[in-house]
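I opened my notebook to get to know a new structure. Here is what I looked up, entry by entry.

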Amino acid sequence: MPDNNTEQTVVETPVVIAEYTQAGDNIDYAAAEKIEYMQVVPLADRIGIALENIAAGDTGTVTLTGAFKLPAADGAIEVGAKVYFDAAAGKVTTTATDNIPAGYAIEPKAAAAASVVVRIG
């Protein structure tokens, strides 16, 4: 038989109000060094692609979405495979260790092919 004298604790969830600032597909990026149009821009935990030339010390537009043909390391890559950017080599790879998440392959890459199409983000 249930105990009718048991008190239940009600936990109130705080209401958090957000302020919309932008769609987030493109960001303003402050360049520490010169960046060229369509250059891969390594970020903290993803890559972006510069949509314009950005001089060192200036701010320019970097996109965080889209599909781009990028240089790739040796080895086949299947459609849908997670890929990473090896900043030291300047190439996309399937190796996660010490590399930056880039997105996923949206076209197959043959082992000897020099590039792969990646949906970044």
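Before listing any neighbours, I settled one term: a contact means heavy atoms within 4.5 Å. I also noted that this is a predicted model.

**Entry on Thr 63.** I found Thr 63 in strand 4, which covers residues 59-63. Is Thr 63 buried or exposed? Its relative accessibility is 5%, and buried means under 20%, so Thr 63 counts as buried. Next I looked up what surrounds Thr 63. Setting aside neighbours within four places in sequence, Thr 63 is in contact with Asp 25, Asn 26, Gly 48, Ile 49, Leu 51, Phe 68 and Ile 120. For Asp 25 I have a distance as well: the side chain of Thr 63 reaches the backbone oxygen of Asp 25 at 3.2 Å.

I then turned to an open sheet of five strands, paired antiparallel in the order 5-9-8-6-7. From one strand to the next, the twist averages 45°.

Strand 6 (residues 82-86) and strand 8 (residues 100-105) run antiparallel and are joined by four bridges. Which residue of strand 8 is the bridge partner of Val 83? I found that it is Gly 103.

**Entry on Ala 89.** My last stop was the loop between strand 6 and strand 7, where Ala 89 sits. With 46% relative accessibility, Ala 89 counts as partly exposed. I also checked Ala 89 against Val 117: they are 28 residues apart in sequence, and 17 Å apart in space from C-alpha to C-alpha.

How values were computed. Residues are numbered from 1 along each chain as its sequence is written. This is a predicted model: local features need pLDDT of at least 70, side-chain atom pairs count only at pLDDT 80 or more; totals for chains, interfaces and linings use all residues. Side-chain values use heavy atoms; hydrogens and water are left out. Two strands pair if DSSP finds at least two bridges between them. Helices (H or I, at least four residues) and strands (E, at least two) are DSSP runs, numbered from the N terminus. Axes are lines fitted to C-alpha atoms, for helices over the stretch in contact, and angles run from 0 to 180 degrees between N-to-C directions. Buried means under 20% relative accessible area, exposed over 50%, partly exposed in between (1.4 Å probe, protein chains only). A polar contact is a pair of N or O atoms within 3.5 Å; within protein, one must be able to donate a hydrogen and the other to accept it, and residues adjacent in sequence count only if both atoms are side-chain atoms.
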